[in-house]
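Colleague: I would like to go through this model with you and ask how each label was reached. Please show it first.

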Amino acid sequence: MLTVKDLRIEFFDHELPEVAVKDVDFTIEDSEILGIVGESGSGKSMTAMAIAGLLNRKDLTKSGVIDLDGIDLLNLPRTKLREIQGNDIGFVFQDPLNSMNPVLKVGPQVEEAMRIRKKTLGLSKEEMKAIAIENMKSVGLDDAERIYDAYPHQISGGQRQRAMIAAALVLKPKLLICDEPTTALDVTVQKKIIDLLKKLNRETHCSILFISHDLSVIRALCDKVVVMKDGLVVEEGSSKEIFSNPKEEYTRQLIF
Amino acid sequence: MGKYIIKKLILLIITLIVTSFIIFLIFELVPGDPVLDKLGTRATPEKIESLRSQWGLDRPFFVRYFSFLKGIFTLNFGMSYTYGMSVTALLREKIVINLVLSVMALSVVIFVSVPLGIYVAKHTGGFADKVVSFLNQTAMSVPSFVLGLLITFIFGMVLKWFRPGGYISYKSDLSGFLYFLIFPAVALAVPKIAMCIRLLKGNILEEALKDYSMTAYARGNNTTGLLYRHVLKNAIMPTITFVGMVAADMICSGIVIEQVFSIPGLGQMLISSISTRDYPVVEALVLMIALFIMVISFATDIIHAIIDPRVRLQN
């Protein structure tokens, strides 16, 4: 479904190009969960952002292929890209507090992907609210009606991240990208979020690209794993293979 | 929200009482005797005593303070020593002038700098941004009174859009009064506009780089959607605080500007009554200025609370 080929991202820092991501290749099949693991600075977040079309800085060049069901995301014009963002690709960020707008209520933020496409979708305010609440319930926010009208600072970290997942899934995207979604949460909440992602993957069949530096989280969740270091893919394979029989020295170091 | 407003209102009243005490105390401690000032050195002790009791200055400090405090709430500040009429009647016109001037200047600041700030933030690095940045630098470094002189020269003497020094009282001609005040209001507003644009632009650009803006982009927002749905509400807060400070400053800058444009406002009154030791007038004036500033900061707090739920729900 998603094919990334020869992805290369370069910075221009003081005229000298600095390569953040070099020749990254991987594919995600339908309803598959792919994990990218690596330490900070390995280029894993950069890769995720590039796929979601969030790298638009002028001091940065991208080359290669990012293909989502036949659409070349890397060379898509901004207007076309916006139709895909939030619609075909949902994105969940690391820190749910900072990634929510503090002055807007949770509900409107969950609805936003729909609200932006109000005209094309032809949904009324009440219908959007109903869908948002339904989505919030499906990610385990049981008192969705209250949370809908609450502000981000009034709910817990776990609830915020669930709401962010609901917001990312509101238009049933084919691909959900989670960039370290559990890092800012307590361990017990982490486990619940992982279980939730697994459940959502099983029920909605959406593919998940899961970024983390935490191997135990990757192991618990992913079908396939890509190990990255210094912008390069070190090793790639099924979760079982990588964890039972790591080929590369770096992967072995990470595991043990 | 109602609770928040009531709390702030109570705080405002307490501040007002404390301020009134400080003002009253200061003018009690200032050297100089208004009675001797009025009667001269050759006055007989009987005459001095009779004037003193006529003005109520023979009463103890706290008795006089409480009658002053009562005056704040009943708007009765006693009689002016020099003009022989009630302070309230004396000040009414002056306060109207300065209030209208401040409100006009403040509206100019808001209605020019907010749209312009948003525009240059959206088109950073563009032609308009460069022009505005250059004008900002210039406008910020020219003080209001110099600008007032320039405006008087260009619009008053060269273009003859108004008659320099030809202040028209609002009692005789309201539209003429308002028209005349446009020029000092602009002189007051221009340096503040420059600062306001810079502040707003900077804050918008800063907010646009925050995590929640990235989330908004990831949902398919375009720049306009991001700006109006997400960024503006967050970025406008420091500007509101700044506009509040500007509003407070308008009264004080107005004192200088009214000299430049020969407007018989609070400033002239303040200076003349300090030199004649006309304490009821001075005290009432200073208190009015303080009250104006307090009301502005009260209003700023309320606007903040309306926009930002974190302020509103803190307590």
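**Labels and their cut-offs**

Modeller: F261(B) has a relative accessibility of 2% and therefore counts as buried. Before you ask further: this is a predicted model, in which local features need pLDDT of at least 70 and side-chain atom pairs count only at pLDDT 80 or more, while totals for chains, interfaces and linings use all residues. Residues are numbered from 1 along each chain as its sequence is written, chains are lettered from A and ligands numbered from 1 in the order in which they are written, and side-chain values use heavy atoms, with hydrogens and water left out.

Colleague: Why is F261(B) called buried?

Modeller: Buried means under 20% relative accessible area, exposed means over 50%, and partly exposed is in between (1.4 Å probe, protein chains only). F261(B) is at 2%, so the label is buried.

Colleague: Where is F261(B) found in chain B?

Modeller: F261(B) is in the loop between α10 (223–260) and α11 of chain B. Helices (H or I, at least four residues) and strands (E, at least two) are DSSP runs, numbered from the N terminus. The C-alpha atom of F261(B) is 9.4 Å from that of F145(B), and these two residues are 116 apart along the chain. F261(B) also belongs to one aromatic cluster, whose members include W161(B), Y170(B) and F183(B).

Colleague: How many helices and strands are there in chain B?

Modeller: Chain B has 13 helices and 0 strands. Its C-alpha trace spans about 85 × 55 × 35 Å along the principal axes. Of its 315 residues, 45% count as buried.

Colleague: What makes W55(B) and Y81(B) a stacked aromatic pair?

Modeller: Rings of Phe, Tyr and Trp (its six-membered ring) pair if their centres lie within 6.5 Å; planes under 30 degrees apart count as stacked, over 60 as edge-to-face and the rest as tilted. For W55(B) and Y81(B) the centres are 3.8 Å apart and the planes are at 10 degrees, which gives a stacked pair. W55(B) lies in the loop between α3 (45–54) and α4 (61–74) of chain B and Y81(B) in the loop between α4 and α5 (87–122), so the pair ties together parts that are 26 residues apart in sequence. W55(B), at 17%, counts as buried, and Y81(B), at 9%, also counts as buried. The whole structure has 21 aromatic pairs over all chains.

Colleague: How do you know that K44(A) and E180(A) meet in a salt bridge?

Modeller: A salt bridge is a side-chain nitrogen of Lys or Arg within 4 Å of a carboxyl oxygen of Asp or Glu. In K44(A) and E180(A) the distance from N to O is 3.4 Å, and the pair qualifies. K44(A) is in helix α1 (residues 44–51) of chain A and E180(A) in the loop between β7 (175–179) and α8 (187–204), 136 residues apart, which makes this a link between distant parts of the chain. Both K44(A) and E180(A) are buried.

Colleague: Which labels do E145(A) and K137(A) get, buried or partly exposed?

Modeller: E145(A) is at 43% and counts as partly exposed; K137(A), at 39%, is partly exposed. Their side chains form a salt bridge of 3.0 Å, N to O.

Colleague: What about R310(B) and D308(B)?

Modeller: They form a salt bridge of 3.1 Å, N to O. R310(B) has a relative accessible area of 33% and is partly exposed, whereas D308(B), at 8%, is buried. The structure holds 20 salt bridges over all chains. A network of salt bridges links E112(A), R219(B) and R229(B).

Colleague: What makes the phi of D69(A) worth a remark?

Modeller: Most residues other than glycine have a negative phi. D69(A) is not a glycine, yet its phi is positive, about 45 degrees. D69(A) is found in the loop between β4 (60–68) and β5 (71–72) of chain A and, at 42%, counts as partly exposed. R277(B), also a residue other than glycine, has a positive phi near 55 degrees. R277(B) is in the loop between α11 (266–275) and α12 (279–307) of chain B, and its 24% makes it partly exposed.
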